[in-house]
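Please look over the structure below before reading on.

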Amino acid sequence: MFKRVLIANRGEIAIRVINTCKRMGVPTVGIYTPSDKHCKHVSLADKSVELHTDENSIGYLDIDAIIDVANRMKVDAIHPGYGFLSEKPEFSERCEEEGIAFLGPSPRAMKLLGSKLSAREFMSKVGVPIMPGTLDPLETSDEAIEQANKIGYPILLKASGGGGGRGMRLVRNDSEMENALTSAKNEADKAFKNPTIYLERALLKARHIEFQVVGDSRGNAYCLGERECSVQRRHQKIIEETPSCAVSPELRERMSELCIAAVKRAGYTSLGTFEFLMSAEGDLFFLEANTRIQVEHPITELVTGLDLVEMQLKIGSDVPVEDVLSEVRPKGHAMEFRINAENPFNNFFPAPGRIEKYMEPAGDHVRVDSHAYEGYVVPTEFDNLLAKLIISGRTRNEVLNRAQDALDRYTVTGIKTTIPYHRLVVRNPDFRAGNYSIDYVKDHLPQDLLKTTEFSLFEGVGR
């Protein structure tokens, strides 16, 4: 096992990794930027080092600065978390050059699956159904229009080098294409330093389904079931659950086999996620691969009994894990609610500021992963995820009832958060019946949900 692990991240995911390392007896090194010196992960790591970077760069993206800290602190492994450098092959390659274990896939596997275009081409060769679209970059609007007419509108323009809704544009007809393509390229170039855009068919009323995969250091591959992530705003997830109401046992088994075949053929190690869209007819189409740990990994942990960060550490240090992973059979149900510093009654607009009061719910089957605390000032330069409320139970209905109680007891004052929206969602008949799609937030705005919810906690909210 490793002697010391550096966590190249911040906030909630940094704390998540620290907690597992502490339990396993592995010392940790945290990093932070000047604006992050009061972030909770800084005090929880065994050692924390301020990053000294160019004033025009974000420290958590500065490979040289992070490697400098790693070498000075004599770490033998780096956990990238999610976001920032977690899916950058050049970071994985640099770790390899320095003799530091990167707790994720190899640079080769990351390049193969990290680019959406190369991942689409690879998965199609494995036999995984992919969304109809292009496999080559789009250069001109005329070319994009020609391809869109072959596929059929509406279509989505998508950035090959990133995600989170950036570089994505919905196009309904030829006249919208030129402006949409220019806008998508500019946004992708700014966000990912990669202006490559491709297109694929846009499914209406689709569901977002993803499969958690693991590849170990001995060439074995495993699929730990699916998660549904259809409740999204701006193409970013805010509620996830496992298993999905829409996936039958037969479909789960068939897709798991395909995912396992893809992991083996790619020579993929560590955690990964294959994301799909499900059509109204129940067909799944591959979207992209995430070559890292996911924000929503805790719900898979609760139904499998695994610690997925522990799996990353063991796989990265060549500790056998096949006896554990081969016996995993997910059972029960779990949901995750992302608590963001946003005002759901103002189009989920970011709401940074100082937290005045912070009280988390507690109890059996209730887990909170968070870096928030009373007095913490939510910064403007980073993602505004404060916490994840994770609920488990034997059945989906049991989870919903527990989530309703936990959300009602979750208190954050001084800033706006997504908690009131989650309270409304778990009371909504459509959501409780499992009748929802990626258009759920658009079709169930907070103001609309308020009109149909008789509950005293919402008096005056959003007005």
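A residue counts as buried under 20% relative accessible area, as exposed over 50% and as partly exposed in between, with a 1.4 Å probe and protein chains only. This is a predicted model, in which local features need pLDDT of at least 70 and side-chain atom pairs count only at pLDDT 80 or more, while totals for chains, interfaces and linings use all residues. Residues are numbered from 1 along each chain as its sequence is written, and side-chain values use heavy atoms, with hydrogens and water left out.

**Overall form**

- The protein chain has 17 helices and 22 strands, where helices (H or I, at least four residues) and strands (E, at least two) are DSSP runs numbered from the N terminus.
- With a radius of gyration of 22 Å, close to the 23 Å that the globule rule gives for 463 residues, the protein chain is as compact as a globular protein of that length; the radius is taken over C-alpha atoms, and the rule is 2.2 Å times the number of residues to the power 0.38.
- The C-alpha trace spans about 55 × 55 × 50 Å along its principal axes, and buried residues account for 56% of the 463 residues.
- Of the contacts (heavy atoms within 4.5 Å) between residues at least 6 apart in sequence, 66% join residues at least 24 apart.
- The accessible surface comes to about 19,300 Å², and 47% of that surface belongs to carbon and sulfur atoms; these areas come from the Shrake-Rupley method with a 1.4 Å probe, and for residues only the protein chains shown count as cover.

**Salt bridges**

- Side chains of opposite charge can pair when their charged atoms come close.
- A salt bridge here is a side-chain nitrogen of Lys or Arg within 4 Å of a carboxyl oxygen of Asp or Glu, and by this rule the count comes to 41.
- Glu-301 pairs with Arg-16 in a salt bridge whose closest N and O atoms are 2.6 Å apart; this pair links distant parts of the chain, since Glu-301 sits in helix 10 (residues 297–304) and Arg-16 in helix 1 (residues 11–24), 285 residues apart, and both Glu-301 and Arg-16 are buried.
- Arg-23 and Asp-307 also meet in a salt bridge, at 2.8 Å from N to O, and this pair too links distant parts of the chain, with Arg-23 in helix 1 and Asp-307 in the loop between helix 10 and helix 11, 284 residues apart.
- Glu-93 and Lys-111 form a salt bridge with their closest N and O atoms 2.6 Å apart; Glu-93 lies in helix 4 (residues 89–97) and Lys-111 in helix 5 (residues 107–114), so the pair ties together parts that are 18 residues apart in sequence.
- Glu-93 counts as partly exposed because its relative accessibility is 28%, and Lys-111 counts as partly exposed because its value is 46%.
- Salt bridges that share partners join Arg-16, Arg-23, Glu-301, Asp-307, Glu-310, Lys-314, Arg-367 and Asp-369 into one network.

**Helix 11 and its ends**

- Helix 11 (residues 308–316) is mostly covered, with 7 of its 9 residues buried, among them Glu-310, Met-311 and Ile-315.
- Asp-307, which is buried at a relative accessible area of 15%, caps the N-terminal end of helix 11 through a side-chain oxygen 3.0 Å from the backbone nitrogen of Val-309.
- Just after helix 11, Asp-318 takes a positive phi of about 65°.

**Helix 3**

- The buried residues of helix 3 (residues 63–72) include Ile-63, Ile-66 and Val-69.
- These buried residues of helix 3 pack against strand 1 (5–7), strand 2 (28–32), strand 3 (47–50), strand 4 (77–79) and helix 4.
- Just after helix 3, Lys-74 takes a positive phi of about 55°.

**Two loop residues**

- Asp-216 lies in the loop between strand 9 (207–215) and strand 10 (221–233), and its contacts beyond four places in sequence include Tyr-222, Thr-269 and Ile-315.
- The side chain of Asp-216 reaches the backbone nitrogen of Asn-220 at 2.9 Å, and a polar atom of that side chain lies 3.1 Å from the backbone nitrogen of Gly-219.
- Ser-160, in the loop between strand 6 (155–159) and strand 7 (169–171), is buried because its relative accessible area is 3%.
- Beyond its neighbours within four places in sequence, Ser-160 is in contact with residues including Gly-114, Lys-116 and Tyr-198.

Note on methods: Polar contact = N/O pair within 3.5 Å; in protein donor to acceptor, adjacent residues only side chain to side chain.
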